[in-house]
Amino acid sequence: MKTIVVACGGGVATSQTCAVKLADLLEKNGISPSEFRIEAININSMPQYEKVADIYVSICGEGEKEFDLPTFNGVPFITGMGAEEELQKILEEFRK
Amino acid sequence: METLLRKDYIYDHLRAKSRDMLFEIMGGRLEKEGITKNSYVAALKEREEKYPTGLHTDGLLIAMPHTDSAHVNEACISIARLENPIPFHEMGNKKNTLDVEMVFMLALKDPEAHLKILQKIIGMFSDREVLKKLREAETAEKIYQVVYEAADL
C-alpha cells in the first residue's frame, strides 16, 4: 500500500479534483485500489504527511517549501495538458 | 444546488484593467450583496498572489480564483467572460503568466457539500468539447447553459 498526497492552497476544490482523477488513471493503468491510498490535503498539513506519504503531487508549484518526497506536478490532471506524461512518471515511481 | 450557479453573477464581455480591478468588480458585488463577507476581495487577492489559479487548458485560458470559506456566507460561482484578457500567474508555476479569457470565481461555504459539482466544474477544464462550447458562448445565458449542462446540475 502506497500513500499519495495531493496538496493545494485550500485542500479542497483543486486537490480533491486532482486526487479523484489521478486515482481513476492509476486504476485504468492496472493498479488496484487496494494498492494505494490517495489523500487531498491543505498544503499547511504537509509536514504531518511528509513521513507517511510515498508520493507527493503538488499543485502549489515553485517557490513553495520542498518536501523530502518524490514530487510530481498535479496541474496537468486539472487541465489535461501533459497529463499522460506526468502520469507515466508517477507510475514509474509507484512501481519502484 | 441550483443556487451555486446563478445567472445573475455571470458576465459576458466584462471589462477590467487589471486582475485587482476584476476581483473588485466581481468579488465586490458578492460582498455588497451579502454572498460573502467584506473580507472576501482582500482574501482573494492574497490567495491569488500566493497560490495563483491561471490554467492553460486545451482551448481557453482560464482562472479560478477562490479563497477560504471563512470569508463566505453563501456558496456561489461567479463567471466572467473578459472583454480583454487579463494576466494571471499560472497555477503551479508562478513564473508563467497567462492572458486569461474567462474567470470562474468560486465562493465556497462548505466545499465538501458541493464537492461533486465542483469536480464537474473543474472537470470542464480538461474537456475539449465543453471548452469549445464555452469559447463560443457569447452571452451570459449561453455560458450558464453550457456550465449547467456540463456540471449536470
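This is a predicted model: local features need pLDDT of at least 70, side-chain atom pairs count only at pLDDT 80 or more; totals for chains, interfaces and linings use all residues.
Lys2(A) lies over the face of Phe94(A), and the distance to the ring centre is 5.5 Å.

**Rings and charges**
- For Lys2(A), the ring to find in the structure is Phe94(A), with 5.5 Å to its centre.

**Where chain A meets chain B**
- On one side of the meeting place are 20 residues of chain A, and they are in contact with 23 residues of chain B.
- Together the two chains bury an area of about 1900 Å² between them, and carbon and sulfur atoms give 61% of that area.
- On the side of chain A that touches chain B, the elements giving two or more residues are helix H1 (13–28) and helix H3 (75–79) of chain A.
- H1(A) gives the most to this side, with 6 residues.
- Sorted by class, this side of chain A has 9 nonpolar residues, 8 polar ones and 3 charged ones.
- How many residue pairs are in polar contact between chain A and chain B? The count is 1, with both residues at pLDDT 80 or more.
- Between chain A and chain B there are 0 salt bridges.

**Salt bridges**
- Over all chains, the structure holds 12 salt bridges.
- One to look up is formed by the side chains of Asp24(A) and Lys28(A), at 3.1 Å from N to O.
- Asp24(A) and Lys28(A) both belong to helix H1 of chain A, where they are 4 residues apart, about one turn of the helix.

How values were computed. Residues are numbered from 1 along each chain as its sequence is written. Chains are lettered from A and ligands numbered from 1 in the order in which they are written. Side-chain values use heavy atoms; hydrogens and water are left out. A charge sits over a ring if NZ of Lys or CZ of Arg is within 6 Å of the ring centre and within 35 degrees of the ring normal. Contact means heavy atoms within 4.5 Å. Buried area is the accessible area (1.4 Å probe) that two parts lose on being put together, summed over both. A salt bridge is a side-chain nitrogen of Lys or Arg within 4 Å of a carboxyl oxygen of Asp or Glu. A polar contact is a pair of N or O atoms within 3.5 Å; within protein, one must be able to donate a hydrogen and the other to accept it, and residues adjacent in sequence count only if both atoms are side-chain atoms. Ala, Val, Leu, Ile, Met, Phe, Trp, Tyr, Cys and Pro count as nonpolar, Asp, Glu, Lys and Arg as charged, and the others, Gly among them, as polar.
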